[in-house]
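Subject: Structure handover and findings

Hello,

Here is the structure we discussed. Please open it alongside these notes.

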Amino acid sequence: MSKPQANGVDHEPHELPALQADAGANGYYELEEADNPRSFDLLKPTENFTKEYSLERSSQSLFSKDHLQVIFADPTFLLRFTTFLGVHRPQSVPLLVHYLDSLKSIRAIHYANAICEGLDPVDGLGFTQQPLNKTINPALEARANAAFDLLAREELPAFICHQYIQVVSASISARITGSLSAQLREASEGLAEVFCLTDPSRPDNPIVFASEEFNRTTQYGMGYILGRNCRFLQGPVTNPHSVRRLREAISSGKQCQEVFLNYRRDGSPFMNLLMVAPLCDSRGVVRYHIGAQVDVSGLVKECVELESFQRLLELQARGEKPPEHQTPNPEKNDELRELSEMLNQNELSTIRKYGGRMHREVRDDDDESVHSHQPRLLIKDPNTLTPPISGSANGRLSGVYQHYLLVRPYPSLRILFASPSQRVPGVLQSPFMSKIGGSNRVRDELTGALAEGRGVTAKVRWITKLDEEGRNKWIHCTPLVGSNGNIGVWMVVVVDDPKSSSKFSVSSRNAPAVPSEGPKSTTSSRAHDSPRVNGTSNGYSDADRVTLGGGSVTSLRI
């Protein structure tokens, strides 16, 4: 084939050079020293880039088997966990003991294998030259793994939930009683106000009343919330086991508390501490369920009251995993030490009494000397223990929510339901205001706030049939709104007054107004705007201080 011609001249075919080619030997432009490729960067280099925090990823780590491995690897963490099970979940102690005994058996096998590996052959004895196979027990290992998986799936979430309830209860109690600093009080605005009430007699147990803070926390409007089951808050990383436990508790009419990942309307996740309890009428029939929720995302991020979780995150940051207890720990390299760590007091006492007898002369006083090593007695004051968590007490919520009333809206203000601690004979359908003693001024202002539909926190003289003089209590009243925009019921949380003072006062917050005729308050609109003189507000003594708040405007974030 002839070569192509151009203008009657033959040319050799060749490729077009790159745009940057400039007579280089290889046909490409040689970069000068000043032409650093980094000079073309539009963004700052990311050599020290830190992985962005993910609440979804943290929630998976929080409830993971790795977290429980960290707990079992540290005696301090393990003591807290086992103490929690012993006090609050005694029904789970047999499972814990079964796992520990299985683990002890596995470590005994590891120690036996280590001894076999150390056996030296004897010259002239052929049978000592034959290799020995390691002893293994797959069935035992499978049993230990199954027990550990169950502890991680059921008991670890309960332990985490308990820890968070203690923190939240302290914060809520401090806020209700006014003992928080001004900065923390502003940051915790909306605390103890996220409630919803569901009706199990309706299909799918829908929400029939909810507080305004429930709307602010989830970002869903009341029109969307009311009439739906709470499952619309679930998302892709919501723990299915938490959902199952919640569903089973509601179906059986028992109280339940769970911590799991929920999602707002915009798709952003938040860690929800949810406490649910059935509300029974005078015949013991479950009529409704009350739910109280707290956004504890901040507790998860800061690892509050969970040093074990902080330890796990540090291991993950270094690319390490916690040691598995079913396999020998290479860091210790001492199977006897690992086995000794599992021995209980009776076993240790036996070792002290008989250990090493084959290698020493036995003395007559050996039996007497061991009696000085009796197991230490653990004496607990029953008054200092928190009651165990169980589903037997209908209507019981946890922590600060264990004392509550549900009251009909104004003008009735009759007690409709009560927690077990408040459910004394005759309390149901009794007038709520009959519980309030003390100054008529406080009673009038409290009644006025309830009539106007304004959330109210009050320090009152709490009267019962057994105590006609009454005791100082704080009550935190939150309205729950129905589909018509009116208040359907009041959630009243009762908190003991930490101070031994006889003074009482009232402060209230804005809430959806109720179209009813009631007494109107003429006091100042914001408590902290009122001038104080010699420790008093507006000239009134602290015993008669009555202030109305401007309302909570932020959702709860701890």
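Which helix holds Ile115? Ile115 sits in helix 4, residues 93-117. Helices (H or I, at least four residues) and strands (E, at least two) are DSSP runs, numbered from the N terminus.

First, the ground rules. This is a predicted model, in which local features need pLDDT of at least 70, side-chain atom pairs count only at pLDDT 80 or more, and totals for chains, interfaces and linings use all residues. Residues are numbered from 1 along each chain as its sequence is written, and side-chain values use heavy atoms, with hydrogens and water left out.

**Overall**

The chain has 15 helices and 17 strands. Of its 558 residues, 42% are buried. Buried means under 20% relative accessible area, exposed means over 50%, and partly exposed lies in between (1.4 Å probe, protein chains only). The chain exposes about 31600 Å², with carbon and sulfur atoms supplying 52% of it. Accessible areas come from the Shrake-Rupley method with a 1.4 Å probe; for residues, only the protein chains shown count as cover. Take the contacts between residues at least 6 apart in sequence: 63% of them join residues at least 24 apart. Contact means heavy atoms within 4.5 Å.

**Surface patch**

Back to Ile115. Its relative accessibility is 45%, so Ile115 counts as partly exposed. Together with Leu119 and Leu132, Ile115 forms a nonpolar patch on the surface, with about 310 Å² of accessible area in total. Patches are made of residues with over 30% relative accessible area and no salt bridge; like charges are joined within 9 Å, and nonpolar side chains (Val, Leu, Ile, Met, Phe, Trp, Tyr) within 5 Å.

**Helix 2**

Helix 2 covers residues 65-73, and its buried residues are His67, Leu68, Gln69, Val70, Ile71 and Phe72. What covers them? The cover includes helix 1 (55-62), helix 3 (75-88), helix 4, helix 5 (138-176) and helix 11 (307-317).

**Strand 5**

Look next at strand 5, residues 256-263, where Asn262 lies. Asn262 has a relative accessible area of 2%, so this residue is buried. Its side chain makes a polar contact with the side chain of Asn272, at 3.0 Å. A polar contact is a pair of N or O atoms within 3.5 Å; within protein, one must be able to donate a hydrogen and the other to accept it, and residues adjacent in sequence count only if both atoms are side-chain atoms. Beyond four places in sequence, Asn262 is in contact with Leu233, Gln234, Thr238, Ser268, Pro269, Phe270 and Asn272.

Val259 is in strand 5 too. Val259 is buried, at 1% relative accessibility. Leaving out residues up to four places away, Val259 touches Phe63, Cys161, Tyr164, Ser242, Met271, Asn272, Leu273 and Val296. Val259 and Tyr164 are 95 residues apart along the chain, yet their C-alpha atoms are separated by 8.7 Å.

**Cysteines**

How many disulfides does the whole structure hold? The search finds 0 disulfides. Cys161 is in none, and the nearest cysteine sulfur, that of Cys256, is 7.9 Å away. A disulfide here is a pair of cysteine sulfur atoms within 2.5 Å. Cys161 is buried, with a relative accessible area of 2%. Cys280 is buried as well, at 7%.

**Salt bridges**

A salt bridge is a side-chain nitrogen of Lys or Arg within 4 Å of a carboxyl oxygen of Asp or Glu. By this rule there are 22 salt bridges. One of them pairs Arg80 with Glu307, the closest N and O atoms being 3.3 Å apart. This pair links distant parts of the chain: Arg80 is in helix 3 and Glu307 in helix 11, 227 residues apart. Arg80 is partly exposed at 37% relative accessibility, and Glu307 is partly exposed at 47%.

Arg153 and Glu154 also meet in a salt bridge (3.6 Å, N to O). Arg153 is partly exposed, at 31%. Glu154 is buried, at 14%. Both belong to a network of salt bridges that also links Arg244, Arg245, Glu248 and Glu258.

Another salt bridge joins the side chains of Arg318 and Glu320 (3.4 Å, N to O). Arg318 is exposed at 51% relative accessibility, whereas Glu320 is partly exposed at 38%.

Best wishes
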